[in-house]
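Here is a friendly briefing to read alongside the model. Please have the viewer open as you go through it.

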Amino acid sequence: RSPEPSSRSPGNPSPEPKAKSRPKPKPKPEPPSLAMSSAPRSVHCWSAPRSGSTMLMYAWAQRADCTCRDEPLYAHYLVRTPRAVRPYKDELLGAQENDGAEVLRSLAAGDGAATPMVFAKHIAKQICGLALDDVTGADQRHIILVRDPVSTGPENYSPSPNPQAPNEPRTQNPNPKLSNPTRRRGCCRRGWQRVRRETTMKRRSRSWGSRR
């Protein structure tokens with residue numbers, strides 16, 4: 001019985017291995033188009049105080065196609081929070097719109113700006129129960145600016161040059177003798193040293209008197 005021809009023999013070359021078909025890469029989702037639509041786009045930045053939001057607003061103000069609004073909900077916050085005392089309260093209420101819902105609707109429509117984009121810097125606590133339905137459309141953008149609380153603490157509670165100002169927390173002790181803990185500890189230490197020295201001198205004088 002003749003042997004079967006091997007597949008590797010020169011007369012019968014081995015078949016070429018089939019190339020593995022690679023799966024076609026999925027098309028990447030297209031990023032949202034940044035082209036300005038007919039309605040101006042509004043960018044809302046929400047943050048806490050001392051979070052660098054003012055610096056960010058100044059950076060946006062360098063754009064030629066952007067108009068910035070600094071805390072447009074401030075008047076709404078003062079109306080809803082009577083306990084908030086500000087020396088410029090009356091002036092601010094007369095300069096800004098007090099209805100927060102109307103402010104958001106105006107921002108969503110461009111706030112009458114000549115530029116195609118409006119950037120609004122908000123303090124998150126100033127929302128005071130407002131609904132964000134008017135600023136959640138496709139042409140609206142929101143930024144939540146967060147900063148490490150450890151970095152904001154020293155800035156929020158640093159001693160103020162005028163601790164009696166109504167719009168600033170009282171961070172200094174009204175008693176000047178107790179305003180500096182280091183000085184207070186130093187005074188106590190020196191006082192105890194003086195008392196100990198006087199007590200030692202009295203004891204020595206008594207002992208010398210008894211010897212005489």
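The notes below cover the sheet, the nonpolar cores and the aromatic pairs.

This is a predicted model, in which local features need pLDDT of at least 70, side-chain atom pairs count only at pLDDT 80 or more, and totals for chains, interfaces and linings use all residues. Residues are numbered from 1 along each chain as its sequence is written, and side-chain values use heavy atoms, with hydrogens and water left out.

- The open sheet has 4 strands in the order β2-β3-β1-β4, with parallel pairing; strands (E, at least two residues) and helices (H or I, at least four) are DSSP runs numbered from the N terminus, and two strands pair if DSSP finds at least two bridges between them.
- At the edges sit β2 (66-70) and β4 (140-145), each of which pairs on one side only.
- From one strand to the next, the twist averages 20°.
- Parallel strands β2 and β3 are joined by 5 bridges, and Arg69 stands opposite Ala120 in β3.
- Helix α1 lies across β1 (41-47), β2, β3 and β4, and runs at about 175° to β3; axes are lines fitted to C-alpha atoms, for helices over the stretch in contact (heavy atoms within 4.5 Å), and angles run from 0 to 180 degrees between N-to-C directions.

**Nonpolar cores**

- The largest nonpolar core has 11 residues, including Trp46, Leu73, Val118 and Val135; such a core is a set of buried Ala, Val, Leu, Ile, Met, Phe, Trp, Tyr and Cys residues joined through side-chain atoms within 4.5 Å.
- Helix α4 (100-108) and strand β3 each supply at least two residues of this core, and α4 gives the largest share, 4 residues.
- A second, separate core of 7 residues includes Val43, Cys45, Trp60 and Met117.

**Aromatic pairs**

- There are 3 aromatic pairs in the structure; rings of Phe, Tyr and Trp (its six-membered ring) pair if their centres lie within 6.5 Å, and planes under 30 degrees apart count as stacked, over 60 as edge-to-face and the rest as tilted.
- Trp60 and Phe119 are stacked, because their ring centres are 4.9 Å apart and their planes at 20°.
- Trp60 and Phe119 are both buried, where buried means under 20% relative accessible area, exposed over 50% and partly exposed in between (1.4 Å probe, protein chains only).
- Tyr74 and Tyr88 make an edge-to-face pair, at 6.2 Å centre to centre and 80° between the planes.
- Tyr74 is buried at 13% relative accessibility, whereas Tyr88 is partly exposed at 32%.
- One aromatic cluster is formed by Tyr74, Tyr77 and Tyr88.
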